[in-house]
Amino acid sequence: MPMKEIPIWEKSNLTLEEAAAYSGIGINKLRKLSDNEQCQFVLWIGSKRLIKRKKLDEYTEKMYSI
C-alpha cells in the first residue's frame, strides 16, 4: 500500500526543501538559522534536520527581518 501524500500545511515537521517552499525563505537561510543551537524550530533526528512548521510560523510572525 503506497504512503498517502500529506499536504505541506498539514505536516508537523518539514524537510528544508518543504520548509523553503512553505515559508518563502531560502534553503540556505533556513539551514543557517537552524544550525544555531538556540533555534526553536529545528528537530534533529540523528543527522537529519526537520523544521517544526508551527514553530517556524511563530518565529516568522515575531520577526521583522531575517
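How many aromatic pairs does the structure hold? Let's work through this and a few other exercises together. You are looking at a predicted model, where local features need pLDDT of at least 70, side-chain atom pairs count only at pLDDT 80 or more, and totals for chains, interfaces and linings use all residues. Residues are numbered from 1 along each chain as its sequence is written, and side-chain values use heavy atoms, leaving out hydrogens and water.

**Exercise 1. Find and describe the aromatic pairing.**

Step 1: Start with the rule: rings of Phe, Tyr and Trp (its six-membered ring) pair if their centres lie within 6.5 Å; planes under 30 degrees apart count as stacked, over 60 as edge-to-face and the rest as tilted.

Step 2: The structure holds one such pair. Its members are Phe41 and Tyr59, with 5.1 Å from centre to centre and 55° between the planes, so the pair is tilted.

Step 3: Now place the rings in the chain. Phe41 sits in the loop between α2 (27-35) and β2 (42-45), while Tyr59 belongs to helix α3 (residues 53-62); the pair links distant parts of the chain, 18 residues apart. Helices (H or I, at least four residues) and strands (E, at least two) are DSSP runs, numbered from the N terminus.

Step 4: Check accessibility. Buried means under 20% relative accessible area, exposed over 50%, and partly exposed in between (1.4 Å probe, protein chains only). Phe41, at 3%, is therefore buried, whereas Tyr59, at 23%, is partly exposed.

**Exercise 2. Work out the order of the strands in the sheet.**

Step 1: Two strands pair if DSSP finds at least two bridges between them. Four bridges join β2 to strand β3 (residues 48-52), and these two run antiparallel.

Step 2: Three strands form an open, antiparallel sheet in the order β1-β3-β2. The edge strands, β1 (13-14) and β2, each pair on one side only.

Step 3: Look at the hairpin of β2 and β3. Two residues lie between the strands, and Gly46 takes a positive phi near 65°.

**Exercise 3. Decide whether Arg53 is buried or exposed, and list its contacts.**

Step 1: Arg53 is found in helix α3.

Step 2: Its relative accessibility is 10%, so Arg53 counts as buried.

Step 3: Contact means heavy atoms within 4.5 Å. Not counting residues up to four places away in sequence, Arg53 touches Ile8, Trp9, Glu10, Lys11, Ser12, Leu14 and Tyr22.
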